[in-house]
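The points begin with the chain as a whole and then turn to one strand.

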Amino acid sequence: MDRRENLKLIMAGTLASSLVWTGCSTETKVVQAPVKAYIPPYARTDEELKILREIDEFTFFNEFELAKLNVLIDIIIPSDENSVGAKEAGVIDFLEFIMKDQPDNQTLMRGGLIWLDFTADEAFGKYFLEITSENQKQILDLIAYPDTAEPRFQNAVLFFNLLRNLTATGYFTSQAGLTYLGYRGNTPNVWNGVPQEVMEKHGVSLDSKYLEVYLKPEERDITAQWDDNGNLIT
Amino acid sequence: MSFQIKEQPNLYDVIIVGSGAGGGMAAKILSEAGLSIAVVEAGGDFDPAKEEDRTQLRWPWESPRRGAGTRIRPFGDFDAAIGGWDIEGEPYTVAEGSSFDWFRSRMVGGRTNHWGRISLRFGPNDFKRGDIDGLGESWPIGYEDVKPYYDKVDKLIGVFGSKEGIYNEPDGLFLPPPKPRLHEMMLKRGTDKMNIPVIPSRLSILTKRINNERGVCFFCSQCNRACQIYADFSSGTCLIKPAQKNGKVDLYTYAMVRKVTTDSEGLATGVSFISKIDMKEHKLTAKVVVLGASACESARIMLNSKSSQHPNGLANGSGVVGHYLHDSTGTGRAAIMPALQNRDRYNEDGVGGMHVYTPWWLDNKKLNFARGYHIEYWGGMGMPSYGTGFGMDTMRQYIKDEFGNVGTNGGYGPGLKKDIRSYFGSMVGMSGRGESIPKYENFCEIDPNTFDKFGIPVLKFHYKWTEQEVNQAKHMHDTFEEILTKSGAILLGSKPGKDTQYGLQAPGRIIHEVGTIRMGNDPKKSALNSNCQAHECKNLFVVDGGSFVSQADKNPTWTIMALAWRTSEYIIKELSQKNI
């Protein structure tokens, strides 16, 4: 039985048991399933490879959940004129992996995604994905602001904190996210201190006591030698 | 990863158990004297210069978990150290009411693949704490005995720093230190107002060439991932590999030592180990056995090496083996520096770790705790990793938008995205690392009810902090709050209170545990003499932190290596004079 059939059965069961759905359809958009987990080709022990292969063997999110996530993560981290959003940055693949790698979060994630649907149903009589984006944001506003959210939504607030955290971290550790962030490192270079104009902007300066002591980039390839008192002389 | 098992070789001159800082140094020095050596390591071989072992310079997206820690690599998916707090099939137990977390690295180089490269000499006072404050014992040796070896370690391994002339923070043969990062200069505004010293840090990273075998730092800040050009110190790259080039060193990997074997006179004859490859027991023989398996693992081996001559465990007539276990204290605090929001971007990776630190600066006679701590500073525009962007449910209230208005906690959308970008590089913080009081009551012993997957009985830990450490942790937090506030930062979270021992981390968490096989002049109160030779087994030596009488508010690695060098020279002399 394929996953779509499963999904229909699951949803039908839900319909029959607890919720009264009005005017909703079990048709959902089919989205591409996440790519298989990437197994790094480097420095992994046999035990680590076993864990990675086990993760690769099953899929956590079903297609209905993925459809919701694709909408949600782009609401959390959208594209703008100069940068892509979370969806295009590949955050879905990261979410799929990290849910399996850190199973403690699975219940909160799964429960939260369903909460969105039955809350949408109670408010608008439709699945979360079938309401307007304005209505979607009205639901998210119930749970997106922890300091002012109603106590009865506390579980869903925790779910949204988790989703916000993971979406943000997935985005800002992606190639697109790093570019947007402006991170400049992870490349061989020679550190010669904070740029002068930056120090001036922040009103700090180097301690003159150490100016002669600090490493001089032009001398770093000269082999170190010390005198009898331990002073560096080359 | 490679492995080798050699069946029944010749009698070695020396067997060294463990390839970390102590075992590595012993292998280097003893091999240079032409001795035949077996190095027995519980983990696999590791060489970051090999492409398959390289995690350095990889991008966060190359890790499917974006660098998040795992059971096997708790400090992150790219961290070089393999093992962690909880190793499959290698348990340890903790007595009720006690706490102890034991970090182990199963690989060539041991835990030197993990540490922060902070390389501080113990000062004259650090060897004489018992005499100064009356709590516990002083070492049977002093700074003057170890100084020549610190000098040698500085030259061989390389450490950057600045000459400061502070009595208990002895200067070494330093390489030039790097200039400070922006947040480090901004935090100094706070410390300056409090007359707290901040000096260039002292890390074993080559800011300048020291020989042709190792490269010079290219400032990626990733020492914890192991350096492919060997520009930082780890025992595998800087000690074990050079030792192997001397030609008479056999490296046994995946070899878990069960016991030291002894003869009818109680002298060591070699070791018995279980190979993780074939899960069989193997034996090696030697004239001398050197334990460098780590303070607790070496104590475990000794306690598991009972014989009719050593009924209480090998060389443990004193009963001190396993006792006086002590780790550094540690706690920390984070804050957000509004002046660093939306900061200019540039490559601020620098070396792996802080560029400045604070050595202990106060007089304990005026305080309600006996021993000091140093402060490590953190912050900067480091490479994003798992966790970047977390916490916006509590921190957005401090992040200003382009109009200077602070945000609302939580949320989503374009504002959230911009706020995280603005916030990047504005988090700062500090950690204290302090000296604790060694106590007989804090110890590890053999747990008769549990063994590991090799059938070797495991350790059971008994450890409680005392008022000394708790008061010290409170002082750390008072100090951190004042520094952070006075440097213009907004404190995050709340100050831990008495109910949590002021945020004092569990014993073992700082990974500086030492003292379990301590040295001393009195064989009734110590297991080793001042040359790290067992009082009751003259051809058994210990070169890890087990020999420490007290662990200063310094990281122990530099002292482990200086003592291992000193002990190795003593072994060479005793062997040549046929005393052992």
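**Note on chain B**

1. Ten helices and 19 strands are found in chain B. The radius of gyration of chain B is 24 Å, close to the 25 Å given by the globule rule for 580 residues, so the chain is as compact as a globular protein of that length. The model is a predicted one.

2. Along the principal axes, the C-alpha atoms of chain B occupy a box of roughly 80 × 55 × 45 Å. Of the contacts in chain B with a separation of 6 or more, 72% are between residues 24 or more positions apart.

3. As to burial, 68% of the 580 residues in chain B are buried. The accessible surface of the chain is about 18,800 Å², and carbon and sulfur atoms contribute 49% of that area.

4. Chain B carries 70 positive and 66 negative side chains. The centres of these two sets are 3 Å apart.

5. Strand 13 of chain B spans residues 373-379 and is mostly covered, with five of its seven residues buried. In a regular strand, side chains alternate between the two faces of the sheet.

6. Which strands pair with strand 13 of chain B? One is strand 12 of chain B (residues 356-358), which pairs with strand 13 in the antiparallel sense over two bridges. In this region B:Tyr357 stands opposite B:Glu376 of strand 13. Another is strand 14 of chain B (residues 427-434), which runs antiparallel to strand 13 and is joined to it by seven bridges. Within strand 14 of chain B, B:Gly429 is the bridge partner of B:Trp378.

How values were computed. Residues are numbered from 1 along each chain as its sequence is written. Chains are lettered from A and ligands numbered from 1 in the order in which they are written. Side-chain values use heavy atoms; hydrogens and water are left out. Buried means under 20% relative accessible area, exposed over 50%, partly exposed in between (1.4 Å probe, protein chains only). Helices (H or I, at least four residues) and strands (E, at least two) are DSSP runs, numbered from the N terminus. Two strands pair if DSSP finds at least two bridges between them. The radius of gyration is taken over C-alpha atoms; the globule rule is 2.2 Å times the number of residues to the power 0.38. Contact means heavy atoms within 4.5 Å. Accessible areas come from the Shrake-Rupley method with a 1.4 Å probe; for residues, only the protein chains shown count as cover. Lys and Arg count as positive and Asp and Glu as negative; His and the chain ends are not counted. The place of a charge is taken as NZ of Lys, CZ of Arg, CG of Asp or CD of Glu.
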